[in-house]
Structures are given as structure tokens and as C-alpha cells.
Amino acid sequence: MGALFAHTVRMLVRQRDVLIWVILFPLALATLFHVMLSNIDESYRVDPASCVVVADDNFNSERAVFFREMLDEVSAPGAGQLLDVAKVATLEEGREAVLSGDAAACITVDEEGLPSMQVSPLAASLTTGSIDQSVVRAVLDQYCQIYAEMKQTFLSQPSAQGMQAPPSEGELAEFARSAGMSEAASAFMSDAVRTQQVDVLRVQASSTVRYYYALMGFAALMSITVSINAVSAARANTSAVGARRQVSGVSPARQLAVAMAASFVTVFFCLLLAFAYMRFVLGVEFGGRDGLAMLALAACALMSTALGAAIGAIPKISIPGKTGIATGITCFCALFAGLYGEPSMQLADRVSQSAPWAVLVNPAAQAANAFYDLTYYDSLAPFFATLCVLAVMAAVFFVVAALLMRRQNYERL
Amino acid sequence: MKENESANSVVSVRSLVKRYGDILALDHFNLEIGKGEIFGLLGPNGCGKTTAINCMLQLLAYDKGDIELFGEAMKPTRYDLKRRIGVVPQQVAVFDELTVFENIDCFCALYVSDKTRRRELVEEAIEFVGLEDYRKMRPKKLSGGLLRRLNIACGIAHKPELIFFDEPTVAVDPQSRNAILDGIVRLRDEGATVVYTSHYMEEVEQICSRIMIMDGGKILALGTADELKRGIAVGEKIVIELPGAVEARGCAAAQTVGALPHVLSCEFANGELHAACEASERNLLDVLGALKSSRVAVGRVYSEPPTLNDVFLEITGRELRD
């Protein structure tokens, strides 16, 4: 059986339609996606706005302590970096940097510890300069707003009623501590009073990976061809080689089992190739769970093999006819998995919301979901649920194949 | 059938009936083939040859009858018996994606699991059919004749005791055809029993020890080629060229010859006189004498024994290849 298995795998991978549509086509589509979609990710990325701050006595004073800390926070390298801040000694140097275009804005701090920004009229007319200035302005506006709210809060306290002049930041902080409001002061000092970005997903969501996951679903369904060919080569009523094999010393059931195993292995490695290409060459994010991704590939390969067996067992249809049916199913299911661009993605989402059962019975969508679950969910429960759906699909398809094959006679005169 | 013959039978088919709807493909078909025979199944296309073979191989379910191979009842699950059988189908049945060596190895693997033994058998089969120079080539690059040889190698590599050849020489050039026929005789010499179907009577006559002529699912005649020929009235066929003879004169000559006592029939066509005669030592002399007395100029003269086509013609009233 080992030799038969090896020859069947060899036969399958050398078939032109398998080579083109199952192995090369997904790689070509993935490359195409990479070329088309890489600009989308670029457009979603925000570079830190470049600005300078005049590090004079006002900036370094006790009054501006909160501002300095805030500035450090928003200019810290990382995903949340908003500003790229450079310090200059004097206002003249700051203005020079702005006028030369090296910085979008020059930030100064007044005696009260409140910031203000100076911009170049020339830069303000340019789109990029305008965006960077807007970012700087938004940061400063938010700071001033929080400062004002805190000041109002402290001044409304009974212990602050005796104060004659508007308190500075340092006075506010000292006052809050002495009044036993250290907790509130700490809160002001910390991030707690600012809006925080919290990711509910394991990894940062990308607008493009769904296309690649849909492509994996598409590739899984395109692989139906493999088991259609394997079944056809093992059945007496579908091919001459099948008839020849049927009269041999190995039972048809065992030969079909070998054909299915060979199909599964072939499909698995075809999908593995597509996965590896996307993961390591194109850099598509699969959540870093490569081991579990193998499990997803195996489930997809099993489903594909079973569906191919069911289609391959349909009587009185030629092999090209069956391949046509498989292609039709693949293209239709891939539409609702969101493969064909933004409208297709929106359609898939609408169908998912209004008719969840349609997603449940869509093999391409389930195959894509397996990778989606793996990438984005902390819990593996959704992933294994999807694998179960794929396994149930495979079982149903195998049963259909068995029923169709049963009692099919090889008849000719 | 005598008892000792039955005991020596490799193939035994009794009262086999097979229907395709209203069509009776095999009508109480009987067959006994002894060990070491090359048995020819001869008949026009659609006469039931392939159906008979497919029933014997249990590829087809049949309505009635018993089939025994190697003295044991043949059933679809008798894989032990199937392992002793080789099949060379009418249609070339090989994998286009595998090389010559891989194809033979793949089909041999259905019978022989030991890799070393299989390798020997595959090499022997390649040598047997003369494909040594093509072992790494894929079928699509082979000519029709070489493809047929590969088809044969795939069916015989496991050294079966009983081999079914279903019209293996269809669309094959004469050189490859002779090579195939020589190979079949060699297989017989090595101990195999061969069932050979064809509608080429010359081939069957050339290699088969016994011949069954079939038509409409029925057995028309059975025996050696000589026995079959002896069983018909025609014993000799004489062809005489009548140079320059017009239609009327040729027909008159045919009438004259046809009136001779040993001549069964005589026709004039395409400037030739075709006379079918009973077996006799004086046929040629009598015919030439009759033409001489009628003052008919005679060109070249041929005399040949009857063929299997004559047997078929006499039994059915039509040509084998009609």
C-alpha cells in the first residue's frame, strides 16, 4: 500500500490542473494581494508629528512638571507615539526649525506652565504639515482641557476656598497632597485620567489579513480537484485506470482509502506551501500560533478531501464536468468569505449578521474563520469550534461520497 | 466436456446470461479454457467479447450463470484469485503523470507488496515489452505502439497465471503488432494461459490454439483454426484476373465457372473472378479448363485456403468486419 500511496501522491502533484490551480494560483493571488494591499496598511499608519519644544526656564519649572511628563508620554517610542519631540534652547532656534520644515510646530511654555505652539505659514498650507500641526494642536488642546478641569475640581474643594490667585500646576499638586487628595493627584499624574487604547484582540488588527484568510479558504476549496482526480483514478466507472485497478488483488475500498489518504497529504502540503509563503515571504500575520495553524491546515485539507470525494463520486458526470462543479462551488463560497475585495467583504459581513447559518455551511468561510480565530482570539475555544465545524463538514461529505459510491456498477457493452 | 478437461480448466463459464436492459449481451455463454492455452475470442464489435471478460473479472454483475477461475468460484471479493490474473484492457489505461517505470511499478504494487521483488518484476516487464530506452519517459511522449506495449507491461508485470488481452492491437502499426503477438506467445511459453479477444481474424489465427467465434452474445463456432475451416463448405478460394474483360464477359465467365460441380459460388468484380470451391485437388485445373474452353484470357491466378472470415461469413451470412 505504501507504494500505491506514493505513486498516487506523485500522480496527483504532477497533474497540470493541480499544479496550476491548487499550487501556483493561490501563491500568485497572495502575491497580487500583497502588491495591492500593502498601500492600504501604509495609509492607515500614522507617523509621529515632528515638533520642537523650547526647553527654557518656564519649561523646566515646577509649574510645567505635568506638561513635561505628558510630553514624555506621548513622544515615547511605540505604537502610541504621537509626537517626535526635539528640544531647543531658545525660541529662535525653534522658529528656525519650523521655518526650515524640520518641525511642524514649535512648543513654548509660559510662566503659568501652559503650552502654546508656533507654526510656519508655509507648512500650514501643505497637507502633511497641516496634519502634523493638527496632531500637535490636538495633544496640546487635550492637555489644556485636562489641566483646566483639574484646576476647577481642586478649586471647588472647601480647603481651596481661601486661595487668592489662580493656582499653578505645582501648587495644585501640592495643594491636593496637603488636602489629603493624594489619590486624585496621583491619578492626575498617571495615565488614569487620560483615554487609553485597549486592544481586545491578541494582535493588532489589520485591515488586510482577512483577504489572506479568505484566500486560504479559497485555496482549500480549489484543492477539491485533488481528491476528485484521486477518486476518479480509483473508480471503475470513471476512468480506464480505475477499471484496471478494480480487477486487481486489492479491494476497491482499500484503494479508495489510499486515494483519500494521498489526497489529504497532497492537499495539506499544497495548503502548507501557501501558508508558508504568506507567513514567511509576504509577512502575513497568523497570530504566531504556527503549530495550531498546522491543525487548521489539516482540518481544511480533510474537509477539502471529503468534498472532492463527494463530487468525484457523482455518477454520469465526466471528470471535467466535476472539476467545473468544484470551481463553481469554490468561487461561490469564496464570494461569501470576502475574497473579492471590499464589497465582497461587506457582503460577507452582512450575511454573517443576518444569516449566520450561511456562514456555518460555507466551507471557505469556515476555513478562513479558523485562521481568524487563531490570530485574534485569546481563547482557543472559537478556533476549536471552527475546527469542529470543518470536521463535521468532512464527515458529512464522506458519508455522501460513500452513499454515492455504493452500488455504482461499472456497465458497458 | 470431459472430466479431465474440466479439472485442467483455468477458466470455466457455464450458461452465462448478461442483459443491458432489453439487450441480451450474453446468451447462455459457455467457455472452458485449459492451462497453457491461447484462447481466441473472435467476433465483430459489440458481439459480447468484452462483456464476457468483464463478467469473468467480476467487473460486471451478470444475470445468470457460473464462473470458475482456477477451479474455484469467482466472486467480486475473491482477491486471492484476482491476484493470479492479469488484464490488458482494450483502452490504454495508464497514468499520464507517471513515467513508464512508475506506471508499471504502480500497477504491480496492486499485486506484489515486496519492494525488491517488485523492482525485479518491473525490470523484467520493461525488458519483455522492449521499453528499456523509455523507462523515464511519460506516456504522452510515447508512440501508439509503445503505449500499447506499456499497457501490456502494466498487466503482466506481476507474472499472472491467467492473462486477458482485450483487443491489444487496435490502432497499432504492423511492427508493434507483431512484437505484441510474439510477446503473447512467449507468455504462453512461460506457462501463462491467455484469453485473447480481437476482431482481427489474422491475429487470432496466428497465435490462438483454440478459437471461439461469437456474435450477438452467442457462440457460433469453437475449435482450432483448422477445425473451424474444415467445418465449412468452402475448401479453397480461387482468384483469377481476367485482363481486359468487360462486365458482360466477366459475368458470363463467372456463370461458366459457377456451373462446375465443385464450385460453390463464383463472382466477377473489379476485373477478377472469385470462386469459392469445395475441398478438392482438381479445383484449379477445372476452373482454368472451363475458362479456356470459353476462350477467356486469363491473367494471374491465386489459390488460397479459407479464412476465419469465411467461417464467419458462412455461419452468419455477413463479413466479420461489417
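Predicted model: local features only at pLDDT ≥ 70, side-chain atom pairs only at ≥ 80, totals over all residues.

Let's start with a helix pair: Thr8(A), Met11(A) and Leu12(A) in helix 1 of chain A meet Val226(A), Asn229(A), Ala230(A) and Ala233(A) in helix 11 of chain A. Here, being in contact means that the C-beta atoms of two residues, placed from the backbone, lie within 7 Å. Sorted by class, that contact has 5 nonpolar, 2 polar and no charged residues. For the classes, Ala, Val, Leu, Ile, Met, Phe, Trp, Tyr, Cys and Pro count as nonpolar, Asp, Glu, Lys and Arg as charged, and the others, Gly among them, as polar.

Residues are numbered from 1 along each chain as its sequence is written, while chains are lettered from A and ligands numbered from 1 in the order in which they are written.

Helix 1 (residues 2-13) of chain A and helix 11 (residues 224-234) of chain A have axes 10 Å apart and pack at about 125 degrees. Axes are lines fitted to C-alpha atoms, for helices over the stretch in contact, and angles run from 0 to 180 degrees between N-to-C directions. The crossing of helix 1 and helix 11 of chain A is right-handed, as in the near helix being turned clockwise from the far one by less than a right angle.

Now over to chain B. How is chain B divided? There's a domain 1 (3-230) and a domain 2 (236-305), with bounds from an automatic or database domain assignment. Their centres, taken over C-alpha atoms, are separated by 42 Å.

Strand 1 (residues 9-20) and strand 2 (residues 23-34) of chain B are antiparallel, paired over 8 bridges; DSSP has to find at least two bridges before two strands pair. Ser12(B) has Glu32(B) in strand 2 as its bridge partner. The hairpin leaves 2 residues between the strands, and Gly21(B) in the turn has a positive phi of about 65 degrees.

Then comes an open sheet of 6 strands in chain B, order 6-7-8-3-9-10, with mixed pairing. Strand 6 and strand 10 (218-223) of chain B each have a single partner strand, so one side of each has no neighbour in the sheet. From one strand to the next, the twist averages 15 degrees. Strand 9 (residues 210-215) and strand 10 of chain B run antiparallel, joined by 5 bridges, and Ile213(B) sits opposite Ala221(B) there.

What lies across this sheet? Helix 6 (residues 144-156) of chain B lies across strand 6 and strand 7, at about 165 degrees to strand 6. Helix 6 also has a helix partner: its axis comes within 9 Å of that of helix 5 (residues 115-129) of chain B, crossing at roughly 145 degrees. That contact has 7 nonpolar, no polar and 1 charged residues.

An open sheet of 4 strands in chain B has the order 12-13-11-14 and antiparallel pairing. Strand 12 (263-269) and strand 14 (301-304) of chain B are at the edges. Strand 11 (residues 236-241) and strand 14 of chain B share 4 bridges, and Val239(B) stands opposite Tyr302(B). Helix 11 (residues 283-293) of chain B packs on the sheet, touching strand 11, strand 13 and strand 14.

Last stop, the two chains together. Which element of chain B gives the most to the side that touches chain A? The contact as a whole takes 27 residues from chain B and 23 residues from chain A. Helix 4 (100-108) of chain B is among the elements supplying at least two residues, and helix 4 gives the most, with 3 residues. By class, the chain B side divides into 18 nonpolar, 3 polar and 6 charged.
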